[in-house]
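Keep the structure open beside the text.

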Amino acid sequence: MFDHITQSVPYQHIQLPYPLHLDIKRLDLIHPQISGNKFFKLKYNLLAAQQREFSRVLTFGGAYSNHIAATAYAAHLFGLKSIGIIRGEELAEKPLNPTLAKAQSLGMHLHFVSRTEYRLRGDANYLQQLHNQFPETFIIPEGGSNQLAVQGCQEILSQSDLQNYDVICCAVGTGGTISGLIQRSAPHQKVLGFSALKGDFLKQEIQQWTKKQNWSLTDAYCCGGYAKTSPELFTFIQNFEEQYTVPLEPIYTGKMMFGLFDLIKNNYFPEGTRILAIHSGGLQADIRNKLSY
């Protein structure tokens, strides 16, 4: 079911006015519903759920979560029921936005919880409570990041990627994708992550999944925190899309490219550096409209 999707991931060359080589690996184009890094994060989680004969999967997300949308679709393909623990109990009283309506139409049961309860999503006692409440359920963490996701994200990089590039760039939300890229990367390569969140705590998450040291993480382009934006970011996204016809969103990929171009402009990379930027998807129309300029 999954194998054919990764065989022909398109690349797009970006012409720069600098002595550098930049390509974008367009994971956003691999599947209309399970695109980007979500496909790779979910692959081995859903295979594990199927192999262990679970009847359903449960995961966590906000009202506009790409992960919720992708999990609902992928579980539907696998013949599994799905449950979404959704942050914000007040949302239960409102009409569903397009993300949640689509997930529900694919059979996902939406379970709305308070923000206080949602913060317990990594607590062992709370997870046991969910197991008791929803038996025969395989739990996937928020954003899909766990060891199985890291295993899947290693498959983002092909053998030619290991040979043809010096730097691998990606957006970072929960740390699973970059951890897989680091694990797969060649010794001569550096993996550079652009955090969508403010703070150093993601470094500790990444260090749980990889012992390699050929990576760095910056939050200098997060615009103050998750889902926060700036006029400069939106101007960059608009100009980038017009010039290169590559769609970006302001939570992850937009911040990554904004940061990468700033580093390029300030001569961060040595002349001749070959850079591969991973486009991790996240292009739901309702997200782009909600945060539009």
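**A buried ring and its partner**

F60 has a relative accessible area of 1%, so F60 is buried. Buried here means under 20% relative accessible area, exposed means over 50%, and partly exposed is in between, with a 1.4 Å probe and protein chains only. This is a predicted model: local features need pLDDT of at least 70, side-chain atom pairs count only at pLDDT 80 or more, and totals for chains, interfaces and linings use all residues. Residues are numbered from 1 along each chain as its sequence is written, and side-chain values use heavy atoms, with hydrogens and water left out.

Y118 is buried too, at 2% relative accessibility. How is a pair of aromatic rings described? By the distance of the centres and the angle of the planes. A search of the whole structure finds 13 aromatic pairs. Rings of Phe, Tyr and Trp (its six-membered ring) pair if their centres lie within 6.5 Å; planes under 30 degrees apart are stacked, over 60 edge-to-face, and the rest tilted. The ring centres of F60 and Y118 are 6.4 Å apart and the planes stand at 75 degrees, so this pair is edge-to-face. The pair links distant parts of the chain. F60 sits in strand β3 (residues 56–61) and Y118 in helix α4 (residues 115–118), 58 residues apart. Helices (H or I, at least four residues) and strands (E, at least two) are DSSP runs, numbered from the N terminus.

Ring pairs also build a cluster. Its members are F194, Y221, F236, F240, Y244, F258 and F261.

**The whole chain**

Now step back. The chain has 12 helices and 10 strands. Its radius of gyration is 19 Å, close to the 19 Å that the globule rule gives for 293 residues, so the chain is as compact as a globular protein of that length. The radius is taken over C-alpha atoms, and the rule is 2.2 Å times the number of residues to the power 0.38. Along its principal axes, the C-alpha trace spans about 55 × 40 × 35 Å.

Buried residues make up 54% of the 293 residues. Take the contacts (heavy atoms within 4.5 Å). Of those with a separation of 6 or more, 74% come from residues 24 or more positions apart. As for charge, the chain has 26 positive and 24 negative side chains, and the centres of the two sets lie 2 Å apart. Lys and Arg count as positive, Asp and Glu as negative; His and the chain ends are not counted. Each charge is placed at NZ of Lys, CZ of Arg, CG of Asp or CD of Glu.

**A covered helix**

Helix α8 (residues 176–184) is mostly covered, with 7 of its 9 residues buried. These are G176, T177, I178, S179, G180, L181 and I182.

**Loops and backbone**

Is L248 buried or exposed? L248 counts as buried, at 2% relative accessibility. Its place is the loop between α10 (231–244) and α11 (253–265). T245 lies in the loop between α10 and α11 as well, but counts as exposed at 61% relative accessibility.

Most residues other than glycine have a negative phi. T245 is not a glycine, yet has a positive phi of about 55 degrees. E136, also not a glycine, has a positive phi of about 55 degrees. E136 lies in the loop between α5 (124–133) and β6 (137–139). At 57% relative accessibility, E136 counts as exposed.
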